[in-house]
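Visitor: I am new to this structure and would like to learn how to read it. Could you walk me through a few features?

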Amino acid sequence: MQFDDDVGNLIIGQSGGPTPVINASLAGALAQLKAQGFTGRIFGMSGGLEQFMAGREPLDLGNLSDAQIQQLAHTSGGALGSCRIKLEPDSYNVILSLFKRYDIHYLLYIGGNGSMRTPLALSAAAEAENYQLHCVGIPKTIDNDLVGMDHTPGYGSAARWIAQHTLDTGLDLYTMRGFDQFKVLEVMGRHSGWLAAASLLAKFRPNDPPHIVLVPEQVFNEDAFLAEVQEVYRREGCVLVVASEGVHNAGGQYLAELGLGGLGRDANGQALLSLGSAADYLCNLVKSKSGIKARYDKPATLQRGAACVSEVDRDEAYRLGQAAADYALAGKTAVMPGLKRLSDSPYSCEIVPFYLKEIVGKEKRLGAEFFIDGKLDEKKVRDYVGPLIGPALPEPFRF
C-alpha cells in the first residue's frame with residue numbers, strides 16, 4: 001500500500017476496563033502499520049482521552065521493534081493506560097483541535113460498547129468541519145455484549161478463567177462439604193450473562209458444580225431459588241452458585257443494592273455494582289431462610305486481568321488490530337472489524353466490518369436459544385463458548 005508524503009499521523013487509544021488480550025490488538029495494529037509502510041507518525045494516548053484532553057503529550061509508538069511489539073502482545077492490562085470519561089458535546093471540538101495540532105488524520109480506538117460512541121461521534125464532528133479523519137474502532141470487552149459480532153476479544157480468556165475458577169471452587173467445596181455448605185461465585189455482567197454461562201464448562205457430569213447459574217436475562221425468583229438450593233443440598237451436601245453481578249428481581253432492583261440503601265453512580269449514570277454484592281445478598285438470604293452456612297467469592301477485576309489467556313482469544317485480538325489498521329489506511333471511518341463465526345467444529349471465524357452506528361447504544365444478551373425449560377442449555381453454551389477458551393479444561397481425578 002502506497003501513501004502520499006503528506007499522509008498525516010495516526011493515534012491509538014484504549015478505553016474502559018482492560019482485558020487479558022487488549023494489548024494484542026494494539027500490537028496487531030502496530031505490526032500492520034509497519035508492514036504496510038505507513039509513513040506518518042504513530043501516537044498513543046497515554047492515560048486515554050481524559051489525559052490527552054488534559055494536555056498530556058502522546059507517546060511515540062512508531063519506533064517499537066518487532067520484539068517489543070510481540071512482547072506487548074503477550075502483556076496483560078492496558079499498556080497505554082485507560083479512562084472512563086463522559087464526553088460532553090464540546091469535548092469533540094477539543095479533541096479535534098488537538099488532532100489538528102498533531103496533524104492526526106487516523107484514529108484507532110480500542111474499547112467496548114460505550115467507548116465506541118467516541119470514534120462514531122468524532123467521525124461525524126470531523127465531517128461537519130470538513131476535516132479528513134478516519135475513525136476505526138477495535139472491539140474489546142470481557143462482557144461479550146457488542147451486538148452483531150459473534151464474540152469479542154477478551155471474552156474467551158475471561159471465560160476460561162471463570163470456568164477454571166468454577167472447577168477449582170467446586171472441588172474445594174466438595175472437599176470441605178462437611179464444613180462448607182453453600183457458596184456463591186459472583187462474576188461480572190451487568191446486563192448480560194455471557195461470563196456466568198461460561199462456568200458451565202466446568203461441568204463433566206450432570207450433578208457437577210455449578211449447580212445453579214443466575215444471569216441478568218432471567219428475573220430472580222426468591223422462592224424458586226431457595227427451593228432449588230434445598231433440592232441440591234439434599235442431593236449433594238453442598239451447593240455452588242455462579243451469579244452475574246447484575247442479577248435483579250421482578251421490580252428491577254439489583255440484588256447487589258438490596259439492603260444497602262442504594263448504590264453510587266458512575267459518570268454515565270450507571271449503578272456502581274462493585275460497591276454492592278449480589279453474592280452477599282444471596283448468602284444472607286440462604287442463611288436466614290434455610291439455616292445453611294454460606295460464603296462467597298467476588299473475584300472482581302481478576303476476571304479481566306488474570307494470566308489465564310486463551311491463545312485463540314489472543315490470536316483473534318491481534319488479527320482484529322491488523323484489520324483495523326487496514327480499514328483506516330483504506331479510508332474507512334465509523335467502522336469496526338468484528339468476528340463472524342463460520343463453524344463450531346472445526347471452529348472457524350472470519351473478520352468482517354461492522355458499522356459503529358449499528359453497534360452504539362445496543363447490547364448483546366443471551367438469547368432465548370441459550371435457554372431450555374427455564375435454565376441455561378449446557379450443550380448450547382458449550383458449543384458456543386468451548387472453542388473460544390482454547391483447550392478444554394482437564395477433567396479432575398475422582399475416587
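Visitor: How many bridges pair strand 6 with strand 9, and in which sense?

Guide: In general, strands of a sheet pair through backbone hydrogen bonds, either parallel or antiparallel. Two strands count as paired if DSSP finds at least two bridges between them. Here, strand 6 (residues 182-187) and strand 9 are joined by four bridges in the parallel sense. Leu185 has Asp297 of strand 9 opposite. This is a predicted model, where local features need pLDDT of at least 70 and side-chain atom pairs count only at pLDDT 80 or more, while totals for chains, interfaces and linings use all residues. Residues are numbered from 1 along each chain as its sequence is written, and side-chain values use heavy atoms, with hydrogens and water left out.

Visitor: What is the strand order of the open sheet of four strands?

Guide: The order is 7-8-6-9, with parallel pairing. Strand 7 (212-214) and strand 9 (294-297) each have a single partner strand, so one side of each lacks a neighbour in the sheet. From one strand to the next, the twist averages 20 degrees.

Visitor: Which strands does helix 6 lie across?

Guide: Helix 6 (residues 155-175) lies across strand 6, strand 8 (239-244) and strand 9. For directions, axes are lines fitted to C-alpha atoms, for helices over the stretch in contact, and angles run from 0 to 180 degrees between N-to-C directions. Helix 6 runs at about 155 degrees to strand 8. Helix 9 also packs on the sheet, touching strand 6, strand 7, strand 8 and strand 9, where contact means heavy atoms within 4.5 Å.

Visitor: At what angle do helix 8 and helix 9 pack?

Guide: Helix 8 (residues 222-236) and helix 9 (residues 278-290) pack at about 70 degrees, their axes 11 Å apart. They are therefore roughly perpendicular, a term for angles of 65 to 115 degrees. Among the residues making the contact are Phe225 and Leu226 of helix 8 and Leu282 and Leu285 of helix 9.

Visitor: Is strand 5 buried or exposed?

Guide: Buried means under 20% relative accessible area, with a 1.4 Å probe and protein chains only. In strand 5 (residues 134-139), six of its six residues are buried. His134, Val136 and Ile138 point one way, and Cys135, Gly137 and Pro139 the other way. Strand 4 (residues 104-111) runs parallel to strand 5, joined by six bridges, and Tyr106 has His134 as its bridge partner.

Note on methods
Helices (H or I, at least four residues) and strands (E, at least two) are DSSP runs, numbered from the N terminus. Angles under 35 degrees count as roughly parallel, over 145 as roughly antiparallel, 65 to 115 as roughly perpendicular and the rest as oblique. Buried means under 20% relative accessible area, exposed over 50%, partly exposed in between (1.4 Å probe, protein chains only).
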